[in-house]
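Thanks for coming, everyone. Let me put the model up on the screen, and then we will walk through it together.

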Amino acid sequence: MELTSPVSQDGLQSQADEWLRDIVRRCARAYRHLSVYACAEAISEIDTLPVEVQVTSWALEVTARAYYEMANYTVVRTLLAY
């Protein structure tokens with residue numbers, strides 16, 4: 001006996017696709033903010049990401065670079081220690 005129908009599988013796939021697109025959009029916004037030196041906004045955008053994404057090397061690098069551009073070098077050292 002099948003527990004889920006193909007219709008509900010399609011619905012779940014659509015939800016998963018939209019969740020992933022949302023994460024990619026937020027990553028792109030964070031990178032765009034950083035590229036125009038809107039560092040606080042970049043950090044805020046990274047903070048909205050799931051924890052699993054926040055601890056990736058990409059997110060840590062973007063966060064460290066934002067703090068570096070804001071001349072907050074002690075935070076950068078802490079982030080680069082990971």
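**Salt bridges, core and loops**

Four salt bridges are present in this structure. A salt bridge here means a side-chain nitrogen of Lys or Arg within 4 Å of a carboxyl oxygen of Asp or Glu. Before I go on, a word on the source: this is a predicted model, where local features need pLDDT of at least 70, side-chain atom pairs count only at pLDDT 80 or more, and totals for chains, interfaces and linings use all residues. Residues are numbered from 1 along each chain as its sequence is written, and side-chain values use heavy atoms, with hydrogens and water left out.

Let's take the bridges in turn. Side chains of opposite charge can pair when their charged atoms come close. Arg26 pairs with Asp22, and their closest N and O atoms are 2.8 Å apart. Both sit in helix α1, four residues apart, about one turn of the helix. Helices are DSSP runs (H or I, at least four residues), numbered from the N terminus. Why does that spacing matter? An α-helix has 3.6 residues a turn, so residues three or four places apart point the same way.

Is Arg26 buried or exposed? Arg26 counts as buried, because its relative accessibility is 13%. Buried means under 20% relative accessible area, exposed over 50%, and partly exposed in between (1.4 Å probe, protein chains only). Asp22 is at 27%, so Asp22 counts as partly exposed.

Next, Arg29 and Glu45 form a salt bridge at 3.2 Å, N to O. That pair links distant parts of the chain: Arg29 is in helix α1, Glu45 is in helix α2, and they are 16 residues apart. Arg29 is partly exposed at 29%. Glu45 is buried at 12%. Then there is a network: salt bridges with shared partners join Glu18, Arg21 and Arg25. Within it, the side chains of Glu18 and Arg25 meet at 3.2 Å, N to O.

Now the inside. The largest nonpolar core has 18 residues, and Leu34, Ile46 and Leu49 have the most contacts inside it. Such a core is a set of buried Ala, Val, Leu, Ile, Met, Phe, Trp, Tyr and Cys residues joined through side-chain atoms within 4.5 Å. Which elements give two or more residues to this core? They are α1, α2 (39-47), α4 and α5 (73-80). The largest share, six residues, comes from α4.

How far apart are the end C-alpha atoms of α4? They are 18 Å apart, which agrees with the 18 Å that its 13 residues (57-69) should span at 1.5 Å a residue. That expected span is 1.5 Å times one less than the number of residues.

Last, the loops. Tyr37 lies in the loop between α1 and α2. Its phi is positive, near 60 degrees, in a residue other than glycine. Tyr37 is exposed, at 54% relative accessibility. Ala71 sits in the loop between α4 and α5. Ala71 is not a glycine, yet it has a positive phi of about 60 degrees. Ala71 is partly exposed, with a relative accessible area of 47%.
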